[in-house]
Structures are given as C-alpha cells and as structure tokens.
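Welcome, and thanks for taking a look at this structure. Please have the sequence and the 3D view open as you read.

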2 protein chains.
Amino acid sequence: MKLSTKGRYAVTAMLDLALHTHARPVPLTEIANGQGLSLSYLEQLFARLRRCGLVEGVRGPGGGYRLARPATEISVADIITAVDENVDVTRCAGRGDCQDGERCLTHDLWTDLSRQLYEFLDSITLERLVRRPAVQEVAGRQEPRSLHAGVDAGKTVA
Amino acid sequence: MKLSTKGRYAVTAMLDLALHTHARPVPLTEIANGQGLSLSYLEQLFARLRRCGLVEGVRGPGGGYRLARPATEISVADIITAVDENVDVTRCAGRGDCQDGERCLTHDLWTDLSRQLYEFLDSITLERLVRRPAVQEVAGRQEPRSLHAGVDAGKTVA
DNA sequence: CTAAATCCCGAGTAATCAGCTAGGGATTTA
DNA sequence: TAAATCCCTAGCTGATTACTCGGGATTTAG
C-alpha cells in the first residue's frame, strides 16, 4: 500500500466519472483540463484502471470512459492499488528471512499495519465519496461550466 | 501524510527503543545491524526524531538513544510525520484556488481523507505495538543475541 | 589526560520514481 | 474519409530515497 499524488489523481478522476454515470462517457481531455494534468499522463493512469477492470473505454467521437462497476462496488483502496502498484512493504519480499534467516521486527508489524490501512481505505466506496457535502457543492459549481450542463446538477447544495 | 520505507524504518527503530526502556540507552550501531541499515542513514533519521522531541541522545561510551516520552505518549503518526516531512497533499498548497480560483474536487476530499488516515495512525501508540504478540515473540528471540543479554529479557514472552 | 565510543552534522551520489512529453497507432462516429 | 477519441511504447527531467564519506563534539574508561 502506497499513498502518492498518483493515487490522488486517480481517485479524483474516478470521482469525476462517478458524478457523470447517467450521462455519456467522459472523455479524458475533459478530466485532464479539470485537474490540470497532461492528457497522456491521465491515459497512463486510466490504462491501469482499465486493466484492473475499474473502468471501460468507449472509442470514437462521443466516446470516453465509464465506470465498469456501480460506484457502490468500487473502493478507494481498489483505485489506489490499481495505479500505485503496491511495492511490497517488507524488506524481505514476504519471505520472512529479513534478519539472520528469521523474521525481523518490521515484518509482522508492518504487514499488519498496512493491512489495517487497506481495510480502512477499502471501506470507503466511490458512492460514499459522491454523497459528501463538499463534493456535491463543488460538483454543483462546476456543472454549469462543463459540457454536461443541466444533466443532474444544481439542486444538490441547498 | 506520506508512507514510505523511511517511515517504516523509523517506526521499527522506535519500537526497538521501546523494548529497551528499562535498560541503558540503545546505540545506533546496534539498531543499524539489526535492520541492515547504514549507521549514517539511521543517524539522519534519528536527527529528525530528536528535533521533534521523540528521542533524546546520550553521548559518549555507553551512550545511545532513549525515548524522550513514555511509549504510551508516542504514536505511529508522530514518528512518520517526524521523518517523512509531510508534503502538502493538495496541489494548491492549501490555498484552495486549484481550479480557476475555486476549490477543486480533490481539495476537501483528500485533505479529509488524509486527516482520517492520520487519526488512525495516531491512535496506535508505541506501547500498543510493544504489547503485540508477534513483536513479543521476535523480541524474545533477539534478546539473547543482543548486547543487553540478561538485563531485562527472557520473561517477556511467557 | 587521553583514547575510544558514541552522538552530531553537512555534502555528495547512485538508483529509483513521479510526472510528463513525443509519437505513433486503432476504432468509431459524422 | 476526416475527426474524435481510446490505446500503446519509449523516453526525459527533476525530486526523492537510501546511502557514503568525512569530519567534528562530547563523554566515559582506563
């Protein structure tokens, strides 16, 4: 388990997709503009997300990306492990021979700690993120500027 | 909040100290051997731990490092933030002007997510780690080989 | 008092990685 | 058939990680 900006970009992008599930697929150029990222870099992130079965691409004009599963079945942990290929956290690559052929202090401790961390992030689904007030507010503000104006927005903030 | 091998080394080293609180200070050479790290690299980690008030150094022969506070008052989050100076997770450095002068989707979402993560790691104290069965077991096995043989060891495992 | 053990400090270095650029397809719609 | 999109591979740059080197400063032991 690893946390970096890469994972954050991916989570934000996936959230973007989740906010537009009822509309047409979202093209990467749109997300790239929104996040201030290069198209090609985003493509690389989405290539991994696609290989992990989190999104599906639709080619040709009017195409873009869609969530491959309902937002209730995609967790933040899913997304992060998809893009930040998890470096094995133990020095001995899980063999347990880190210290003179025995397990070192790090071994059990850290694998366990990162398991707990994973479970925590796995308990947060995209759907839960979408329902957060802060997200609703920003999404509402963005909607008028975006190409999907009027689809679904406006009444969420109150 | 950032998670890397650096933080893991620091946590393990601090755990090492916590296991020897009743004995004399622990010299870095010992920890370096145990973890297979270079002395100088460990020194750099401990310089930060010291600046953050987590450990105190004792100079001269017979010297080494000690916890500066009881193990009940040092959390994993304390240690990690001490060595992995927290890169600001938001693109806009907390100013909130990431997207056209407004807050982007990432902003509130990620600061909040990393706050929760911090709280989780902050809830785990060194003392709690010391009491873990896996740690007790490894510590018991290491004790006879260490320089502190007989000081305090042997009775901890049961 | 001196030598050794330790902490302390700063500079530099090789490898890796994050984030990005470049350049090319393949596929689909208009 | 042309444009919009996804798809793929190969590199490039600057930062970071993990580490080395070379020097102190301070304290205890003999």
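Here is a short tour, topic by topic.

What you see is a predicted model. Chain A is built from seven helices and two strands, and a DNA strand, C, has 27 residues around it. The structure also holds two cavities of 30 Å³ or more.

**Chain A at a glance**

- Chain A has 158 residues, and 49% of them are buried.

- Strand S1 of chain A covers residues 55-58 and strand S2 of chain A covers residues 64-67; the two pair in the antiparallel sense, over four bridges.

**A closer look at Gln35(A)**

- Gln35(A) belongs to helix H2 of chain A, which spans residues 28-35.
- Is Gln35(A) buried or exposed? Its relative accessibility is 10%, and buried means under 20%, so Gln35(A) counts as buried.
- Gln35(A) and Tyr9(A) are 26 residues apart along the chain, while their C-alpha atoms are separated by 7.8 Å.

**The two cavities**

- The largest cavity has a volume of about 40 Å³.
- Residues of chain B line the largest cavity, including Leu17(B), His20(B), Pro25(B) and Tyr65(B).
- Which element gives the most to the lining of the largest cavity? The answer is strand S2 of chain B (residues 64-67), with three residues.
- By class, the lining of the largest cavity divides into six nonpolar, two polar and two charged residues.
- The second largest cavity holds about 30 Å³ of space.
- Among the residues that line the second largest cavity are Leu17(A), His20(A), Pro25(A) and Tyr65(A).
- S2(A) supplies the largest share of the lining of the second largest cavity, with three residues.
- Six nonpolar, two polar and two charged residues make up the lining of the second largest cavity.

- Of the 27 residues around DNA strand C, the ones that come nearest are Lys2(A), Thr5(A), Arg59(A), Arg50(B) and Tyr65(B).
- Of the atoms of DNA strand C that come within 4 Å of the protein, 64% belong to sugar and phosphate.
- The side chain of Gln44(A) has an N or O atom 2.9 Å from a base oxygen of DNA strand C.
- In chain B, a polar side-chain atom of Glu43(B) lies 3.2 Å from a base nitrogen of DNA strand C.
- Leu28(B) uses its backbone instead: one of its backbone N or O atoms lies 3.1 Å from a phosphate oxygen of DNA strand C.
- Which elements give two or more residues to the surface near DNA strand C? They are helix H1 (5-18) and helix H3 (39-51) of chain A, together with helix H3 (39-51) and S2 of chain B.
- H3(B) gives the most to this surface near DNA strand C, with four residues.
- The surface near DNA strand C has nine nonpolar, 11 polar and seven charged residues.

Terms used: Residues numbered from 1 in each chain as written. Chains lettered and ligands numbered in written order. Predicted model: local features only at pLDDT ≥ 70, side-chain atom pairs only at ≥ 80, totals over all residues. Heavy atoms only, no water. Pairing = 2+ DSSP bridges. 1 Å grid on protein atoms, 1.4 Å probe; cavity = no way out; pocket = protein on both sides within 12 Å on 5 of 7 lines; lining within 4 Å. Points joined across faces, edges and corners; volume = space filled by probe spheres on them. Nonpolar A, V, L, I, M, F, W, Y, C, P; charged D, E, K, R; others polar. Near = heavy atom within 4 Å. Polar contact = N/O pair within 3.5 Å; in protein donor to acceptor, adjacent residues only side chain to side chain. Buried < 20%, exposed > 50% of the residue type's maximum accessible area, 1.4 Å probe, protein only.
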